[in-house]
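This report examines how a protein surrounds its ligands. Please look over the sequence and the structure before reading on.

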Amino acid sequence: MPHPPLLAPSLLAGDHARLGDSAQAVAASGAPWLHCDIMDGHFVPNLTFGPETLAALRRSGSRLFFDTHLMLAEPFRYLEPFAQAGANLISIHIEPAYDHAATLARIRGLGCQCGIVLNPGTPASAVAHLVDQVDLVLVMTVQPGFGGQPFRRDMLPKLREIDGWRRARQLGFRLEVDGGIDLATGRECREAGADTFVAGTSFYRAPDKAAFAAAMARL
Ligand code: DX5
Ligand code: ZN
């Protein structure tokens with residue numbers, strides 16, 4: 001069964017002085033997921049926030065599904081803090097060298113869903129051996145590190161390839177895209193097989209966030 005389209009607004013593009021309000025704006029729009037971008041200044045050349053921020057959002061009453069995108073050189077060091085802070089799904093990148101399968105299993109063991117992420121320069125084949133072990137495959141449609149970058153249309157064949165495996169092997173993972181997503185680029189990704197749409201800039205800039213979320217949910 002194909003997944004219905006799902007919007008995951010990215011907190012990175014919200015107001016970092018008022019992250020609680022930024023998360024509340026997502027809940028108020030009707031979007032079910034909150035995409036949390038965690039950067040370590042090593043795997044990507046930027047820093048964001050950590051587990052304490054997620055825990056504080058939970059304490060402030062957020063019941064959104066926390067889709068936690070770890071852009072970390074050593075993600076296995078931080079799984080427990082994020083799980084305890086209220087992450088629902090934790091995604092890890094394939095590019096750094098570590099035991100990816102064991103790390104995914106550990107995420108599951110902590111009671112979270114797990115995902116594997118590919119940078120634009122990483123071929124689909126790099127994750128072929130893991131797609132039967134994950135709840136989500138995230139295809140980056142920009143080089144990670146910063147919001148507001150242009151969508152990489154050359155990632156569409158990668159989406160088609162991974163969606164093709166999913167159909168052929170009857171796997172149930174979600175196929176997520178992240179970077180430069182708006183209604184137009186989201187539609188292109190949807191046609192290529194994506195069902196889960198991270199949107200930072202386009203969400204927080206939308207004058208009517210509920211209308212934007214509703215339109216994304218109809219992609
Ligand atoms: C980029 C992050 C994205 C980012 C997307 O490193 O992984 O989640 O917030 O931002 P937009 O939607 O502005 O491209
Ligand atoms: Zn992200």
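## The shell around ligand 1

Strand 2 (33-39), strand 3 (65-71) and strand 8 (196-199) each contribute at least two residues to the shell around ligand 1. Strand 2 provides the largest share, 3 residues. Strands here are DSSP runs of E with at least two residues, and helices are runs of H or I with at least four, both numbered from the N terminus.

The model is predicted: local features need pLDDT of at least 70 and side-chain atom pairs pLDDT 80 or more, whereas totals for chains, interfaces and linings use all residues. Residues are numbered from 1 along each chain as its sequence is written, chains are lettered from A and ligands numbered from 1 in the order in which they are written, and side-chain values use heavy atoms, with hydrogens and water left out.

In total, 20 residues surround ligand 1, the closest being Asp37, Gly145, Asp178, Gly200 and Thr201; a residue is counted if one of its heavy atoms lies within 4 Å. The shell consists of 8 nonpolar, 10 polar and 2 charged residues. Ala, Val, Leu, Ile, Met, Phe, Trp, Tyr, Cys and Pro count as nonpolar, Asp, Glu, Lys and Arg as charged, and the others, Gly among them, as polar.

## Polar contacts of ligand 1

A polar contact with the ligand is a pair of N or O atoms within 3.5 Å. A polar backbone atom of Gly148 lies 2.9 Å from an oxygen atom of ligand 1. A polar side-chain atom of His35 is 3.4 Å from an oxygen atom of the ligand, and for an N or O atom in the side chain of His69 the distance to a ligand oxygen is 3.4 Å. The protein covers 99% of the 390 Å² of accessible area that ligand 1 has on its own, as computed by the Shrake-Rupley method with a 1.4 Å probe.

Definitions and conventions: A polar contact is a pair of N or O atoms within 3.5 Å; within protein, one must be able to donate a hydrogen and the other to accept it, and residues adjacent in sequence count only if both atoms are side-chain atoms.
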